[in-house]
Amino acid sequence: MGTSFGRGGATDFQQDLQNSDCIVIMGSNMAENHPVGFQWVVEARERGAHVFHVDPRFTRTSAMASKWVGIRAGSDIAFLGGIINYILEHECWFDEYVKHYTNAPVLITEDYQDTEDLDGLFSGWDPETHEYDITTWAYKDTEPQTAPGKKSSATRGEQSGHGGHGGGLSHGEPPEEDLSLQDPNCVFQIVKRHYARYTPEFVAETCGCSVEEFLRVAKNLCENSGRDRTSAFVYAVGWTQHTVGVQIIRAAAIIQLLLGNVGRPGGGIVALRGHASIQGSTDLATLFNILPGYLNMPQSAAPPGLDSYIERGTAPAGWWGKLDTYIVSMLKAWWGAAATKENDFCFEYLPKIDEDHSEYWTFTQMLEGKVKGYLIAGENPAVGSANAKLHRAGLAKLDWLVVRDLVETETAAFWYDSPEIETGERKTEEIPTEVFFLPASSHVEKDGSFTNTQRLVQWHYKAVDPKEDCRSDLWFYYHLGRKIREQLKDSQDPKDLPILDLTWNYPTHGEDQEPSAEAVLAEMNGFDSAGQALAGYKLLKADGSTASGCWLYCGVYGGDINMAARKKPHWEQSYTALEWAWAWPMNRRILYNRASADRDGEPWSERKRLVWWDAKQKKWTGVDTPDFDEEKPPDYEPPDDAKGPDAIRGDHPFIMQSDGQGWLYVPQGLLDGPLPTHYEPHESPMRNPLYSQQASPDRQRFDISQDPHNPSADEPDGDAYPYVVTTYRLTEHHTAGGMSRFVPYLSELQPAMFCEVHPDLARERGLVHGEWATIFTARAAIEARVLVTDRVKPIRTNGRVVHQVGLPYHWGSRGLTTGGAANELSHVVLDPNVHIQEVKAFTCDIRPGRRPRGRRLPEFVRERRPR
Amino acid sequence: MSDFATLTDITGHPDGWETYDADQQPRMGFFTDTSICIGCKACEVACKEWNVIPEDGLVWTGDSYDNTSELGANSWRHVAFIEQRKPLRQDDEGDDALRWLMSSDVCKHCTHAACLDVCPTGSLLRTEYGTVVVQEDICNGCGYCVPACPFGVLDKRHLPRKPDDEPLALPLLGKKEDGRVWKCTLCYDRLKGGHEPACAKACPTDSIQFGEVDELRDRAHKRLDKLEQNGWNGARLYGDDPDDGVGGFGAFFLLLDEPEVYGLPPDPVVTTKHLPEMWKTTAFAAAATLVGTAVAFLGGRE
Amino acid sequence: MSESITGVGTEMQSYYGRPIVKEPVWQPEIPTYLFTGGIAGGCSLLHGFARVAGYERLAKTALYVGAAADVVSPALLISDLGRPERFLNMLRVFKVTSPMSVGSWILFVSGGASNTAAALELVGRLRPVKWVAELVSFAAGAPLATYTGTLFADTAIPVWHEARKELPWLFGASAAASAGAATAIFLPPKESGPARRLAVAGVAVELGVMEAMQHRLGFVGEVYKKEAAGKLARASKVLTAAGAAALAARGRRSRGAAVAGSALVLAGELALRWSVFRAGFQSARDPRYTVIPQKQRKQQAQSK
Ligand SMILES: Nc1nc2c(c(=O)[nH]1)N[C@H]1C(S)=C(S)[C@@H](COP(=O)(O)OP(=O)(O)OC[C@H]3O[C@@H](n4cnc5c(=O)[nH]c(N)nc54)[C@H](O)[C@@H]3O)O[C@H]1N2
Ligand SMILES: Nc1nc2c(c(=O)[nH]1)N[C@H]1C(S)=C(S)[C@@H](COP(=O)(O)OP(=O)(O)OC[C@H]3O[C@@H](n4cnc5c(=O)[nH]c(N)nc54)[C@H](O)[C@@H]3O)O[C@H]1N2
Ligand code: SF4
Ligand code: SF4
Ligand code: SF4
Ligand code: SF4
Ligand code: SF4
Ligand SMILES: [Mo]
């Protein structure tokens with residue numbers, strides 16, 4: 001979404017789904033995993049909207065949908081590409097929107113070659129480095145911004161957390177456009193050619209649904225889009241956990257741009273996030289490659305200095321043109337008085353990255369003994385991460401491990417309670433790792449905020465005191481920092497200066513010296529040189545006179561008021577409920593909402609009014625906070641020397657993009673291609689029906705012995721593991737189980753690990769409902785109870801049937817209910833852009849009965865591996 | 001429903017809602033609209049949390065996603081899951097149609113409540129809200145209400161749990177278990193505090209609607225009309241009729257199939273409806289026994 | 001997948017074959033109590049009439065046997081309670097709508113009266129008080145012998161509720177037979193004539209009522225042919241019939257035959273109570289017995 005629209009966040013909020021005329025939930029089981037938000041889907045259905053659920057399984061979401069379309073796991077791009085083709089074939093696109101709000105008219109360099117020309121590769125593929133040179137993807141007559149020393153968009157380490165800003169544009173306008181959309185080199189025509197083969201029949205064959213089912217979705221979407229109607233897409237990790245996860249989302253973005261659904265009420269793409277504040281944690285940079293607010297992490301290969309950083313990261317147009325104000329304010333928030341213009345505001349104190357430092361990469365380094373110690377807080381990789389065994393093997397190579405969690409998870413207990421200990425593959429005495437378990441207090445035991453799936457920052461207050469030694473994470477980090485600083489206080493070593501110079505003076509209270517969470521929020525918000533809280537990021541300066549921990553959150557503490565703590569109920573205000581908490585950026589609830597009005601600033605229709613230009617008051621107004629320069633008129637044309645936001649035209653709603661437009665085609669910012677293309681998953685029992693290139697060429701893999709792979713259909717023994725397996729959640733449990741398997745009221749609702757299989761598969765393999773089955777891959781074998789159900793779709797395609805096996809992934813060896821972890825089975829193959837594992841589609845085999853015990857288990861797995 | 005009136009007349013016992021006089025509140029209850037239940041079980045969990053109900057065993061049933069199985073002493077809400085090869089709407093094409101019915105069951109708070117009628121201790125009580133509640137300090141665990149309920153709602157709490165449901169051996173004086181019966185109180189404590197019941201509060205889709213029973217009935221009829229207009233397959237109300245065998249439920253339902261599919265009785269009748277007749281039979285039988293015994297003496301001495 | 005079960009002429013769905021009504025939570029004390037309560041009730045009657053008719057030994061024996069049964073009965077009931085210490089809550093209220101409440105009072109009155117009478121009889125004092133006690137006990141006898149039929153019938157257990165017209169008769173006859181047999185055991189044949197006749201007549205009526213009840217129950221009645229209830233019903237039939245036959249044929253002459261016949265009848269009556277008890281569980285456990293009659297009833301109501 002970042003590359004298509006400019007920001008990675010959900011474009012819409014869940015309550016607004018009630019305004020949709022058609023909702024496609026795909027790659028998410030919203031009813032089960034976001035039940036509270038799902039009420040608005042039910043509301044929309046009650047108001048007459050069509051709700052489709054496209055999923056390999058008939059779930060509780062399907063039960064509520066107007067129609068469930070069962071597809072093969074891992075075939076989403078084929079389905080979505082089919083919709084794109086349908087839109088173009090049947091001329092259903094929203095012409096005015098497409099011509100003016102998207103990059104459809106832009107001409108691409110003539111050197112560009114499509115996967116359709118190169119049998120599954122885009123131009124620029126380097127088989128040596130396994131990377132794309134993206135120069136041939138660029139807008140005509142421009143040079144793309146590439147990573148230092150690279151031809152690709154970025155290194156695997158430095159994947160930009162936000163929109164592909166540059167596009168190599170000198171200012172807000174692409175060099176050449178064809179508004180008639182006829183030029184064969186314009187984006188529109190390239191897209192059209194790219195998807196021409198995605199016919200309904202192709203979709204049916206590839207996805208395993210019927211032509212009618214597909215057409216029903218495509219038709220409904222088109223009929224419910226346009227001036228008077230809007231459709232929404234909803235996805236979550238059913239899309240992201242693929243080697244082509246980002247590209248699946250891109251395909252939806254293309255559909256929504258073509259249909260003109262972005263930035264409008266009841267439209268857009270609702271990305272459902274996971275953990276209660278996972279959005280917040282990415283906003284505030286728990287990822288290795290970004291700083292708070294999606295600023296790029298400085299790189300060691302880049303020329304040093306703040307100026308160079310700013311120069312490389314600044315977009316010629318749009319709000320990324322103000323990078324200098326964001327980074328300088330952040331540095332001021334971190335190092336306060338120590339940060340001066342003379343010392344580049346301490347820019348050099350920031351760590352620099354060289355390559356991938358993602359979670360999976362780090363564990364591979366552990367295996368090689370290159371990581372000495374590790375601190376895990378609020379994560380349970382011994383269950384939750386793909387190929388859990390590999391993760392435990394990594395942990396067993398550490399010198400020390402600290403786990404901060406509410407309960408003693410499998411990760412904390414890996415040294416005495418794990419499948420390897422059971423089989424005798426590893427012995428407790430032989431593990432050198434010293435493990436420290438630090439009990440954490442839960443969200444009800446501390447003040448703080450959650451940033452939810454729709455960017456809404458909501459404050460919560462402590463309800464009860466933490467028990468015994470449990471302490472909040474804030475307490476831990478604050479006091480850890482304080483102690484380190486005390487130890488170093490006499491140090492003259494320059495490498496200690498970044499720590500000593502930090503502003504580390506949060507007020508504390510109570511017996512436990514709990515730091516004030518509100519003080520942290522206020523720091524994130526930022527203040528001016530007089531110490532006054534800033535009202536918004538527009539006020540940030542690059543001269544060091546403002547400080548702000550995270551520019552995106554600037555405004556959350558505006559006027560020294562904790563806006564996140566506002567709790568005016570929605571029935572006392574309009575449905576956008578602008579006075580309930582606070583959403584970044586600037587309390588805007590629907591992103592790019594300038595697109596809800598036409599070029600002249602008039603709503604596209606009365607029914608779909610949201611934000612419009614009030615000619616009398618000369619400003620944008622409406623029921624949402626305008627996501628646009630409030631005073632920039634619709635007919636504004638930037639002067640030639642305009643920069644940053646000023647270089648965006650008055651009729652270009654995508655203000656984070658350097659051309660202000662939604663990108664159907666992404667010339668830069670992605671590693672694996674400018675357009676989504678159907679590739680098979682890394683492990684698949686089917687041949688790619690389009691190309692001899694079977695899977696995404698650019699998928700990220702680690703060729704290590706701990707992660708053997710099942711052969712795919714294009715390899716020898718391609719039928720060794722004949723079934724597609726997908727993993728998912730149940731309402732009753734939470735992720736790796738730390739917060740549900742230890743709770744009796746939840747455990748009793750789903751008290752055992754099970755697998756879901758179709759009656760035909762049960763017959764084929766002799767599985768008996770209610771009894772045990774053993775599921776195995778080249779990595780491992782687990783056992784599960786058998787739930788025979790019509791709800792898992794068998795895929796009939798090319799005259800054969802591909803069966804799917806459904807596995808919830810919540811179980812592990814600890815807690816009140818225990819069972820095999822689905823992630824024993826999965827492999828570590830990732831999407832190259834975001835390093836997310838492909839756990840939504842891989843292959844397996846299954847047989848009746850319990851798994852072998854002890855030593856016989858690894859033997860069982862080994863013996864069944866081909867070769 | 002003269003039958004019922006006679007019963008209350010005979011007893012003169014304050015088991016009627018009317019007897020609250022000035023303290024009587026509007027009758028409160030639930031309309032559970034299963035057409036919008038998403039089976040999240042938040043109601044089950046909220047109920048357990050609020051009422052501090054013990055865990056009920058970790059038994060995986062294989063009955064779809066239902067591992068609660070039934071209402072009982074430790075489950076006052078129970079969400080049923082039914083997988084069917086039937087279309088949700090009548091006009092849905094395709095033979096591979098599937099639907100997954102979900103429905104959150106609860107005590108019906110019957111207008112004429114068998115459990116309350118048969119309770120020998122007066123532990124079961126009609127509250128001022130017209131609901132039916134067990135007074136846990138009075139219940140002696142006689143268990144009579146358990147088989148009396150036509151819906152199988154009540155059950156005795158066995159703590160510690162016994163291994164199976166077979167009757168225990170004689171004699172059992174002083175057994176160490178809770179022994180009392182438990183069921184939904186319609187959150188009597190919350191009502192008194194002016195709050196809606198925990199389960200309704202937690203329900204994300206408003207499948208559980210709490211309110212005055214009269215108003216809920218109106219709402220339910222409108223809802224049914226709408227679903228019928230939209231061609232829903234099998235929509236019907238269950239327990240909304242004040243003339244049915246229990247005089248209407250305080251907690252009634254909109255179902256999408258026959259009641260028995262959800263484990264509900266198709267035509268429940270409060271057992272005490274026939275009690276006057278039964279007492280009459282008993283009187284005759286008693287008289288006959290008396291006379292019969294007398295007759296045994298007619299033969300004279302041998 | 002939901003199960004579909006074929007009922008009598010109706011294809012019926014159920015929820016995974018699970019019961020709709022709950023099985024009773026009553027334990028073995030209850031059928032045992034039915035038996036002892038029956039003896040107590042029947043003995044009160046036997047005692048009263050014997051007094052009037054001048055059968056002094058019979059009267060005394062019936063009084064003692066009845067009193068003993070009246071001691072055991074509440075003990076059994078209390079034992080069955082989940083909270084035995086709260087037994088007295090039974091007497092908190094008197095509810096006509098609750099056969100158990102009514103029954104508790106009857107048992108309370110009957111037990112109190114018969115034990116007072118028996119005690120006074122034993123010590124030979126306070127005649128007038130004894131007479132009053134005897135009178136009260138006599139009055140409570142018939143209700144005690146029959147109310148348990150309604151106690152069971154006043155539930156949602158199909159095989160009990162649908163037998164509401166028969167159960168009091170069945171239990172009354174069984175009580176009479178048990179009381180007769182229990183008394184006859186302790187008496188020489190020439191003293192026990194009425195008791196034996198009562199036992200024989202009770203068995204005869206009971207066999208007839210049982211037959212009629214099963215017939216009228218129709219489909220639901222088939223539980224009396226299945227599993228434990230079926231076995232017990234068969235055993236009861238054989239035992240009572242044999243016992244009654246022995247009593248009728250040789251009870252007058254042979255003490256041994258009288259004792260054996262009485263014992264057989266008693267065993268048969270115990271089996272009968274157990275059979276009815278188990279039948280209740282069986283009919284509750286299988287949802288067909290709940291659903292099918294109700295569906296038929298509904299259809300009939302609709303077709304009217
Ligand atoms: N109750 C509950 N709620 C949760 C969580 C929880 O553990 N429990 N976890 C939270 C977290 S961390 C997250 S990230 C979210 C995740 O929320 P979701 O994404 O909704 O979670 P999943 O169940 O993993 O996957 C969603 C669906 O994707 C389907 N699916 C699998 N493979 C494919 C495919 O190839 N294509 C398509 N179209 N669908 C596929 C699965 O069948 C499943 O129904 O939920 C959050 N909410
Ligand atoms: N096969 C398969 N694997 C998957 C997925 C899948 O769909 N299929 N989904 C993936 C996704 S989307 C996710 S998000 C991951 C989740 O996987 P993990 O993040 O590894 O697992 P969680 O159980 O969510 O771990 C969170 C832990 O934080 C603890 N915790 C809660 N609150 C606090 C707190 O305030 N402080 C501290 N210190 N700890 C706290 C909880 O007890 C819990 O143990 O799993 C991923 N893995
Ligand atoms: S668990 Fe929390 S975040 Fe998730 S749906 Fe429920 S209320 Fe919302
Ligand atoms: S449903 Fe059962 S427990 Fe509830 S009030 Fe009616 S009879 Fe009583
Ligand atoms: S078990 Fe308790 S509530 Fe039920 S009838 Fe007996 S005393 Fe009343
Ligand atoms: S009303 Fe209260 S007691 Fe009854 S089911 Fe709901 S939460 Fe439980
Ligand atoms: S909380 Fe509501 S939606 Fe969820 S299972 Fe219960 S009734 Fe259904
Ligand atoms: Mo997640």
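**Exercise 1. The interface of chain B and chain C**

Task: Find how many residue pairs are in polar contact across the interface of chain B and chain C, then describe the side of chain B.

Solution: 
- Step 1. Count the pairs. The rule finds 37 residue pairs in polar contact between chain B and chain C, both partners at pLDDT 80 or more. Keep in mind that this is a predicted model.
- Step 2. List the elements of chain B.
- Step 3. Pick the main contributor. α8(B) gives the most, with 16 residues.
- Step 4. Sort the residues by kind. The side of chain B that touches chain C holds 46 nonpolar, 28 polar and 20 charged residues.
- Step 5. One of the pairs meeting in a salt bridge is C:Arg164 with B:Glu277, at 3.3 Å from N to O.
- Step 6. The contact involves 94 residues of chain B and 81 residues of chain C. The size of an interface is often given as accessible area lost when the parts come together. Chain B and chain C bury about 7,500 Å² between them, with 59% of it on carbon and sulfur atoms.

**Exercise 2. The interface of chain A and chain B**

Task: State how many residues of chain A are in contact with chain B, then work out what the side of chain A is made of.

Solution: 
- Step 1. Count residues. Contact joins 44 residues of chain A to 42 residues of chain B.
- Step 2. Find the buried area. About 3,400 Å² is buried between chain A and chain B, and carbon and sulfur atoms give 58% of that.
- Step 3. Name the residues that lose the most area. In chain A these are A:Arg60, A:Tyr745 and A:Glu748, together 21% of what that side buries.
- Step 4. The rule finds six salt bridges across the interface of chain A and chain B. A:Glu732 and B:Lys41 meet in a salt bridge through their side chains, 2.8 Å from N to O.
- Step 5. Trace the elements. Among those of chain A that each supply at least two residues are α3 (35-46), α9 (211-223) and β26 (781-788). The largest share, seven residues, comes from α3(A).
- Step 6. Sort by kind. The side of chain A that touches chain B has 22 nonpolar, nine polar and 13 charged residues.

**Exercise 3. The nonpolar cores**

Task: Say which residues touch the most other members of the largest nonpolar core.

Solution: 
- Step 1. Name them. In this core of 192 residues they are A:Cys755, A:Val757, C:Phe152 and C:Leu167.
- Step 2. Find the leading element. Helix α1 (residues 29-53) of chain C gives the most to this core, with ten residues.
- Step 3. Zoom in. Beyond four places in sequence, A:Cys755 touches residues including A:Ala773, A:Val786 and A:Ile846.
- Step 4. Look for another core. A second, separate one has 85 residues, including A:Phe52 and A:Trp125.

**Exercise 4. One threonine**

Task: Is A:Thr433 buried or exposed?

Solution: 
- Step 1. A:Thr433 lies in the loop between α18 (419-423) and β12 (434-439) of chain A.
- Step 2. Apply the cut-off. Buried means under 20% relative accessible area. A:Thr433 counts as buried because its relative accessibility is 9%.
- Step 3. Check its side chain. The A:Thr433 side chain reaches the backbone oxygen of A:Leu395 at 2.8 Å and that of A:Leu398 at 3.1 Å.

Key: Residues are numbered from 1 along each chain as its sequence is written. Chains are lettered from A and ligands numbered from 1 in the order in which they are written. This is a predicted model: local features need pLDDT of at least 70, side-chain atom pairs count only at pLDDT 80 or more; totals for chains, interfaces and linings use all residues. Side-chain values use heavy atoms; hydrogens and water are left out. Contact means heavy atoms within 4.5 Å. Buried area is the accessible area (1.4 Å probe) that two parts lose on being put together, summed over both. A salt bridge is a side-chain nitrogen of Lys or Arg within 4 Å of a carboxyl oxygen of Asp or Glu. Helices (H or I, at least four residues) and strands (E, at least two) are DSSP runs, numbered from the N terminus. Ala, Val, Leu, Ile, Met, Phe, Trp, Tyr, Cys and Pro count as nonpolar, Asp, Glu, Lys and Arg as charged, and the others, Gly among them, as polar. A nonpolar core is a set of buried Ala, Val, Leu, Ile, Met, Phe, Trp, Tyr and Cys residues joined through side-chain atoms within 4.5 Å. Buried means under 20% relative accessible area, exposed over 50%, partly exposed in between (1.4 Å probe, protein chains only). A polar contact is a pair of N or O atoms within 3.5 Å; within protein, one must be able to donate a hydrogen and the other to accept it, and residues adjacent in sequence count only if both atoms are side-chain atoms.
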